Amino acid sequence: MAADERMVTLLGLLDLSAAFDCVDHSKLLDRLWSAVGPSDSVLDWVRSFLTDRSQQIAYSGQLSVVQPVLFGVPQGSVLGPLLYLLHTAELTPVVARDGLNLHQYADDTQVYVSTSVRDAVAEAAVARLTACLVDIETWLKACRLRLNPTKTQVMWLGSPQQLAKVSVLEGQVHGVNTYQRLRDTQ
C-alpha cells in the first residue's frame with residue numbers, strides 16, 4: 001500500500017537469540033492470567049505443561065546428568081508459538097509508542113514504518129526506528145530475551161524509482177551496520 005502511495009517502507013527484521021528457550025515460566029503464567037483470565041484448572045494445565053520438565057544429552061554414547069528445564073516453551077509443540085506470542089504481546093505498545101508497526105509470527109518479529117522519500121522525512125524514519133530498537137531491547141532484557149544485532153537486518157522497501165531517491169542508506173544497531181537498500185534486480 002505504501003508503494004502505491006509513492007512511499008518507501010523501512011523494515012526491521014529482528015533476530016532474537018534463543019527466543020523460545022528464554023521464556024520465563026512465571027512471567028508467562030502471570031501474563032496469561034492477566035490477559036486472558038483463564039479458570040484455575042486451565043492455568044494449572046498450562047503450568048503443568050511448562051513446569052517439571054527435564055532434559056538429558058546423549059553424546060558419543062554417554063549421557064549427561066538430568067537437568068531441570070527452568071525456562072522456555074517447547075518449540076515443536078502446537079502451544080509453543082502461541083505461548084511465546086502471549087509472552088511477547090506487551091511488545092506491541094512499546095513499538096506503537098515510537099510510531100511504528102509490529103508483525104510477529106512465533107519468534108519472527110518485524111517492525112516497520114512507511115514514509116515519503118524526502119530526505120528529512122526518511123532521516124526521521126531512521127531515527128524513529130533506531131529509537132524503537134533501543135526501546136525494544138530494553139523491553140526484551142526485562143523479559144529475559146535478547147536482540148541479536150549481528151543477525152538483525154534493516155532495509156528499505158519500495159519501487160525501484162522511489163528507492164533510488166532514498167539517500168539514507170546505512171545505519172547501525174549497537175555498532176553493527178544493518179541498514180541496506182533492497183533493490184529490484186529485475
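**Ground rules.** I worked on a predicted model, where local features need pLDDT of at least 70, side-chain atom pairs count only at pLDDT 80 or more, and totals for chains, interfaces and linings use all residues. Residues are numbered from 1 along each chain as its sequence is written, and side-chain values use heavy atoms, with hydrogens and water left out.

**Strand β7.** I took helices (H or I, at least four residues) and strands (E, at least two) as DSSP runs, numbered from the N terminus. I looked up β7, residues 108-115, and its side chains alternate. T109, V111, V113 and T115 point to one face and are buried. Buried means under 20% relative accessible area, exposed over 50%, and partly exposed in between (1.4 Å probe, protein chains only).

**Partners of β7.** I counted two strands as paired if DSSP finds at least two bridges between them. Strand β1 (residues 8-14) pairs with β7 in the antiparallel sense over seven bridges. On that side, L11 stands opposite Y112. Strand β6 (residues 101-105) also runs antiparallel to β7, joined by five bridges. Here T109 is the bridge partner of Q104. The hairpin of β6 and β7 has two residues between the strands, and A106 takes a positive phi near 55 degrees there.

**Helices α1 and α2.** I checked α1 (residues 25-36) against α2 (residues 40-50). Their axes come within 11 Å and cross at roughly 160 degrees. Axes are lines fitted to C-alpha atoms, for helices over the stretch in contact, and angles run from 0 to 180 degrees between N-to-C directions. That makes α1 roughly antiparallel to α2, a term for angles over 145 degrees. The contact (heavy atoms within 4.5 Å) is made by H25, L28, L29, L32 and W33 of α1 and L43, V46, R47 and L50 of α2.

**Positive phi in loops.** Most residues other than glycine have a negative phi. I noted A18, not a glycine, with a positive phi of about 45 degrees. A18 is in the loop between β1 and α1 and is partly exposed, at 42% relative accessibility. S60, also not a glycine, has a positive phi of about 50 degrees. S60 lies in the loop between β3 (58-59) and β4 (62-63) and is exposed, at 63% relative accessible area.

**A89.** I found A89 in the loop between α3 (79-87) and α4 (91-97). A89 counts as partly exposed because its relative accessibility is 38%. The C-alpha atoms of A89 and R31 are separated by 8.9 Å, with the two residues 58 apart along the chain.

Notes. Angles under 35 degrees count as roughly parallel, over 145 as roughly antiparallel, 65 to 115 as roughly perpendicular and the rest as oblique.
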